[in-house]
Amino acid sequence: MSQGFLKSSIGKKFVMGLTGLFLITFLVVHCFINCLIFFNDGGLTFNIGADFMAHNWLIRAGELVLFFGLIVHIIQALLLTLENKKARPVGYAKIDGAANSSWYSRSMGLLGTLLLIFLIIHLVHFWVKSRFTGLPGEDANGNENLYAVMQETFKMAWVVVLYALSMISLSYHLLHGFQSAFQTLGLNHKVYTPIIKKVGIAFSILIPFIFALMPILMFLGVIK
Amino acid sequence: MGSGHGTELNLTLKVWRQKNTKATGSFETHQLTGISTDMSFLEMFDVLNEKLISEGKEAIAFDHDCREGICGMCSMYINGRPHGPKQGVTTCQLHMRSFKNGDTIVVEPWRSAAFPVIKDLAVDRGAFDRIIASGGYISVNTGNAQDANNILIPKTDADESFGAAACIGCGACVAACKNGSAMLFVSAKVSQLALLPQGQVERKERVKKMVEAMDAEGFGNCTNTGACEAECPKGISLENIARMNRELMGATFK
């Protein structure tokens, strides 16, 4: 890839859009695997999925790519934000932002920061235990029992509240990010753009809603 | 006037005053009485300046030229929005009937590192001229003008090019953008030529040079908030930004 392109303002946004879409595909996979808890079979089905994800070498390699994509997305966002601050050294005394744009499109940095804080807590809750510090034994099928960690974690009310609020952040981040990525990649079309926007809205509501449902239903004891 | 539809307003105006590019500016408050609702916003400033001059004070510097909404010279960030509260108009086409009696109106210059304040509300938009100049010439045949319709242009391309060419380079897009990005302006200038047969010869070089010039001027990066499109007095579409992104990719990975 050309060095000049990646250094241009358009190239930097291109990287944001591509990594953003990549992270969106990860959300789909993550959501599908987690939906296995809805079988409500004491986590047996879920643990089959989780065990596979933890031990398949292709998935583990993909995990490295995922972290790389995430870090690029974060660092690029920081660099762009700093550049944008420099582009307006003296700010306005009065700004009527609501007149021309949505608040969440102007708050991607804030929403992203909230998501990063959530992500660190989330990784400590599950990923660190699953990969490093070890899980509490095996289930009836002999699979690693990640489900037991979920049950333990989602007994705490503050965790459930934090997860639900974080999914609201995710929803707004996606609400702008999903369609914005297509625009950045140059994909703007009279017929397809309205469809992309509608799919984006549906995705941004549905995926975080399903994610938020998991800790809430486990806390309420609906899923045992 | 005298048609009966003109009522009069008493207003408080908070105007940015700055002696020169290097000086730190500040707001100055003025009380205005008996402002006709038939006046344009710039005419209201004329009234204020005449008052200041008669009091032996320095008039407020602001940009204006055609006062017909076609030249792109007037600017002013009014109550938190470029060209004020109306959509699709320049400041000269904003009328005092858009305000209410007793209103406080805050007027600031375009704020951008690439648009240094010359004085008060007047900013230097030379950065836009330099970006256009960086795009260079287009190669055309000299001699007699060709017959009409000799070069066929699809209607949709002609319309989109014309839509982009409506950009008057006022800078409201930069002023409105939270990042101070000039992407809407540059993409309109790139698009109007990229869509036409006459613009094909230098098409790839042009977009590269113009984006490079845009970045060198210190404008911010686009985050697709759409504020530029919403505030553009000429309704330049965000489609142009997507097109410019495509054009740059096409020019880079040919």
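Trainee: Is the crossing of α5(B) and α8(B) left-handed or right-handed?
Mentor: Left-handed, for α5(B) and α8(B). Keep in mind that this is a predicted model.
Trainee: At roughly what angle do the axes of those two cross, and within what distance do they come?
Mentor: Helix α5 (residues 183–194) of chain B and helix α8 (residues 239–252) of chain B have axes that cross at roughly 70°. The axes come within 8 Å. The two helices α5(B) and α8(B) are therefore roughly perpendicular to each other.
Trainee: Which residues make that contact?
Mentor: From α5(B), Met183(B), Leu184(B), Val186(B), Ser187(B), Ala188(B), Val190(B), Ser191(B) and Ala194(B). From α8(B), Asn240(B), Ile241(B), Arg243(B), Met244(B) and Glu247(B).
Trainee: And how do the residues of the contact of α5(B) with α8(B) divide?
Mentor: Eight are nonpolar, three polar and two charged.
Trainee: Staying in chain B, how do α2(B) and α6(B) cross?
Mentor: Helix α2 (residues 126–134) of chain B crosses helix α6 (residues 203–216) of chain B at roughly 155°, with the axes coming within 8 Å. That makes α2(B) roughly antiparallel to α6(B). The crossing of α2(B) and α6(B) is right-handed.
Trainee: Which residues make the contact there?
Mentor: Arg130(B), Ile131(B) and Ser134(B) come from α2(B). Lys209(B), Met210(B), Ala213(B) and Met214(B) come from α6(B). By class, the contact of α2(B) with α6(B) has four nonpolar, one polar and two charged residues.
Trainee: Zooming out, what does the domain assignment of chain B give?
Mentor: Domain 1 (8–117) and domain 2 (125–252). The C-alpha centres of the two domains of chain B lie 29 Å apart.
Trainee: Over to chain A. How many helices and strands has it?
Mentor: Chain A has eight helices and zero strands. The C-alpha trace of chain A spans about 60 × 40 × 40 Å along its principal axes.
Trainee: Where does helix α5 of chain A bend?
Mentor: At Trp127(A), by about 45°. Helix α5 of chain A covers residues 108–133. Just after α5(A), Gly134(A) takes a positive phi of about 90°.
Trainee: How do the axes of α5(A) and α7(A) cross?
Mentor: At roughly 140°, with the axes of α5(A) and α7(A) coming within 9 Å. That makes α5(A) oblique to α7(A). The crossing of α5(A) and α7(A) is left-handed.
Trainee: Which residues are in the contact?
Mentor: The α5(A) side includes Leu111(A), Leu115(A) and Phe118(A). The α7(A) side includes Leu162(A), Tyr172(A) and His176(A). The residues of the contact of α5(A) with α7(A) divide into nine nonpolar, six polar and no charged.
Trainee: Last topic, the two chains. How many residues does the contact take from chain A and from chain B?
Mentor: There are 34 residues from chain A and 37 residues from chain B.
Trainee: Which helices of chain A each supply at least two residues of the side that touches chain B?
Mentor: α2 (9–34), α4 (57–86) and α7 (157–184) of chain A. By class, the side of chain A that touches chain B has 13 nonpolar, 13 polar and eight charged residues.

Key. Residues numbered from 1 in each chain as written. Chains lettered and ligands numbered in written order. Predicted model: local features only at pLDDT ≥ 70, side-chain atom pairs only at ≥ 80, totals over all residues. Bend = angle between axes of the 7 residues up to and from the residue. Helix = DSSP H or I, 4+ residues; strand = E, 2+ residues; numbered from the N terminus. Axes fitted to C-alpha atoms, helices over the stretch in contact; angles between N-to-C directions. Parallel < 35°, antiparallel > 145°, perpendicular 65-115°, else oblique. Left-handed = near helix turned anticlockwise from the far one by under 90°. Contact = placed C-beta atoms within 7 Å. Nonpolar A, V, L, I, M, F, W, Y, C, P; charged D, E, K, R; others polar. Domains from an automatic or database assignment.
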